[in-house]
Amino acid sequence: MSETALQVAPHEERDLALRQGAVRLMTSFLEFADMATASIKAKDYEHFGFLYPQHYFEERIGVSYRTLRRHIAIHESVLRLPEAERQAAREALASIGGHKASVLAPLLGQVSDWRDFVELAKDATEEA
């Protein structure tokens, strides 16, 4: 096989890098949601003079509380699954993005197999 046959077009390389980066970004946000959930539970925001976590996250941390709540909902839905399924669920939800994952989040732990819904969501629009 010639060397040129192994080359990947630059747009294909960028596409792959972007898709992998999107999964890393979503995975990172879910890890952030883990930390944020612990912080909210401990009421850390009060130590910095905030009455509510919303103001703390938006003013001190610089994160939209609406976006954070979406990711916390995903985080909480994963916790409803058996321990053995959680990592796979996090990875699967990260692969479809935050908006679709937040739509599916209420189903986790409520339906027989969440994987079927993740597969459907991969090719579906968020509205569908």
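This is a predicted model: local features need pLDDT of at least 70, side-chain atom pairs count only at pLDDT 80 or more; totals for chains, interfaces and linings use all residues.
Visitor: Why is H71 called buried?

Guide: H71 is found in helix α4, residues 65–79, where helices are DSSP runs of H or I with at least four residues, strands are runs of E with at least two, and both are numbered from the N terminus. Buried means under 20% relative accessible area, exposed means over 50%, and partly exposed lies in between, with a 1.4 Å probe and protein chains only. H71 has a relative accessible area of 4%, and therefore H71 counts as buried.

Visitor: What makes the pairing of H71 with T67 a polar contact?

Guide: A polar contact is a pair of N or O atoms within 3.5 Å; within protein, one must be able to donate a hydrogen and the other to accept it, and residues adjacent in sequence count only if both atoms are side-chain atoms. A polar atom of the side chain of H71 lies 2.9 Å from the backbone oxygen of T67.

Visitor: Which residues is H71 in contact with, leaving aside its neighbours within four places in sequence?

Guide: They are M26, F29, L30, A33 and G98, where contact means heavy atoms within 4.5 Å.

Visitor: Why are α2 and α5 called oblique to each other?

Guide: Two packed helices are described by the angle between their axes and the distance between the axes. Axes are lines fitted to C-alpha atoms, for helices over the stretch in contact, and angles run from 0 to 180 degrees between N-to-C directions. Angles under 35 degrees count as roughly parallel, over 145 as roughly antiparallel, 65 to 115 as roughly perpendicular and the rest as oblique. The axes of helix α2 (residues 10–41) and helix α5 (residues 83–96) come within 8 Å and cross at roughly 125 degrees, and α2 and α5 are therefore oblique to each other. On the α2 side the contact is made by V23, M26, T27, L30, E31 and D34, and on the α5 side by R90, L93, A94 and S95.

Visitor: What makes α4 roughly antiparallel to α5?

Guide: The two helices pack at an angle of about 150 degrees, with their axes 9 Å apart, and that angle makes α4 roughly antiparallel to α5. Their contact brings together I74, H75, V78 and L79 of α4 with R86, A89, R90 and L93 of α5.

Visitor: How do you know that A101 and V118 are buried?

Guide: A101, found in helix α6 (residues 98–104), has a relative accessible area of 0%, and so A101 is buried. Leaving aside neighbours within four places in sequence, A101 is in contact with M26, I74, L93 and I96. V118 has its place in helix α7 (residues 114–123), and with a relative accessible area of 2% V118 is buried. Not counting residues up to four places away in sequence, V118 touches A92, L93, I96 and L104.

Visitor: Why is E85 called partly exposed?

Guide: E85 is found in helix α5, and its relative accessible area is 23%, so E85 is partly exposed. Leaving aside neighbours within four places in sequence, E85 is in contact with W114 and R115.

Visitor: Why does Q87 count as partly exposed?

Guide: Q87 is found in helix α5 as well, and its relative accessibility of 47% is the reason why Q87 counts as partly exposed. The C-alpha atoms of Q87 and S77, ten residues apart along the chain, are separated by 12 Å.

Visitor: What is the phi of K43, and where is K43 found?

Guide: Most residues other than glycine have a negative phi. K43 is not a glycine, yet K43 has a positive phi of about 55 degrees. K43 is found in the loop between α2 and α3, and with a relative accessible area of 40% K43 is partly exposed.

How values were computed: Residues are numbered from 1 along each chain as its sequence is written. Side-chain values use heavy atoms; hydrogens and water are left out.
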